[in-house]
Amino acid sequence: PEISHGLVGLLLASLLAAMMSTCDAQMVVGSGLFTENIYRRFMVPNASQRHYLWVGRLAGLAIVLLAIVLQSSFTDVIDALKVLIKTPAAIGISLWFGIVWRRWTWQAVWLSTLAAVVTWAVVAYYPNVVHLGFNEFMFSLNDDGSVRRMTDAWQMFSYLSTGVVIGILASFLTPRQSTEQLDRFFTLIHTKVRPDEEISSPCTLPEDPLPRGEKLINHPDIELPKPTVIGMGGFVLAWCGVALIIWFTSFLARVL
């Protein structure tokens with residue numbers, strides 16, 4: 001490269017540091033989720049803290065080993081990034097619907113996620129199966145006219161739309177969640193945090209909480225908070241930062 005070798009080394013060190021910090025955080029979070037929400041809740045509920053500590057350590061080791069096996073299935077870094085970007089979107093459907101629509105049920109979470117994952121697997125790995133029912137412009141073709149793959153944009157559109165439709169149908173066909181649970185959840189996420197406030201336990205409000213924020217739409221099932229000046233300002237600044245990163249990356253690509 002024409003740029004200083006020291007800057008290239010700094011770039012590589014920064015990439016490795018960012019990757020390691022993400023990997024160790026995901027390992028700890030994954031092992032903690034398994035230990036607390038699966039092992040402790042359903043398998044061994046009354047063991048000692050030392051016991052759960054060792055289970056968490058072993059779960060973290062298992063997660064790392066599974067990650068090593070998984071990475072061997074990718075052809076390159078770009079291929080891995082494409083898969084890792086697409087996969088969380090399946091559960092992201094329920095995340096966004098769950099925090100803005102009271103009618104979204106736990107059955108909808110499971111059915112929407114499974115439908116999105118199955119659809120993604122079919123359109124990503126079996127394009128010939130779905131080719132007959134879709135238009136040619138949605139696919140990349142080989143020189144002989146045979147189907148090579150469905151384009152990434154149409155893959156994402158296919159499984160996201162399937163997950164949304166299945167989730168909405170499941171929400172209307174299954175019983176509503178408890179009103180008491182919903183009120184508690186939405187009160188927690190829409191109540192502003194007072195500086196230096198203290199709470200007795202996680203997911204609870206203080207004795208004298210601030211008033212709950214206003215809703216954008218006055219509908220009993222819609223929970224869209226009314227935008228604030230600070231929130232919109234942060235949103236605009238965040239996108240300016242994204243644009244700056246994209247421009248700077250493009251600039252470095254031209255320079256190097």
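Trainee: What is the radius of gyration of the chain, and what would a compact globule of 256 residues have?

Mentor: The chain has 23 Å, whereas a compact globule of 256 residues would have a value near 18 Å. The radius is taken over C-alpha atoms, and the globule rule is 2.2 Å times the number of residues to the power 0.38. Along the principal axes, the C-alpha trace spans about 65 × 55 × 50 Å. Please keep in mind that this is a predicted model, where local features need pLDDT of at least 70, side-chain atom pairs count only at pLDDT 80 or more, and totals for chains, interfaces and linings use all residues. Residues are numbered from 1 along each chain as its sequence is written, and side-chain values use heavy atoms, with hydrogens and water left out.

Trainee: How many helices and strands are there, and what makes a run count as one?

Mentor: The chain has nine helices and two strands. In sequence order the pattern reads α-α-α-α-α-α-β-β-α-α-α.

Trainee: Why is Gly 60 called buried?

Mentor: Buried means under 20% relative accessible area, exposed means over 50%, and partly exposed is in between (1.4 Å probe, protein chains only). Gly 60 has a relative accessible area of 5%, so this residue is buried. Gly 60 sits in helix α2, whose buried residues also include Tyr 52, Val 55, Gly 56 and Ala 59.

Trainee: Which residues are buried in α7, and what covers them?

Mentor: Asp 152, Gln 155, Ser 158, Tyr 159, Gly 163, Gly 167, Ala 170 and Ser 171 are buried there. Their cover includes α3 (77-86), α4 (89-100), α5 and β2 (147-150).

Trainee: Is His 190 buried or exposed, and why?

Mentor: His 190 counts as buried because its relative accessibility is 14%. This residue is in helix α8. Among the residues that His 190 touches, not counting those up to four places away in sequence, are Ile 99, Arg 212 and Glu 223.

Trainee: And Arg 184: buried or exposed?

Mentor: Arg 184 also lies in helix α8, but with a relative accessible area of 51% this residue is exposed. Its C-alpha is separated by 25 Å from that of Ile 230, 46 residues apart along the chain.

Trainee: Why is Tyr 126 called exposed?

Mentor: The relative accessibility of Tyr 126 is 54%, so the residue counts as exposed. Tyr 126 is found in the loop between α5 (106-125) and α6 (127-131). Met 150 is 24 residues apart from Tyr 126 along the chain, and their C-alpha atoms are separated by 9.0 Å.

Trainee: What can you say about the phi of Asp 196?

Mentor: Phi of Asp 196 is near 65°, a positive value in a residue other than glycine. Asp 196 is in the loop between α8 (179-190) and α9 (229-255), and this residue is exposed because its relative accessible area is 76%.

Trainee: What share of the 256 residues is buried?

Mentor: Buried residues make up 21% of the chain. Of the contacts with a separation of 6 or more, 52% are between residues 24 or more positions apart.

Methods
Helix = DSSP H or I, 4+ residues; strand = E, 2+ residues; numbered from the N terminus. Contact = heavy atoms within 4.5 Å.
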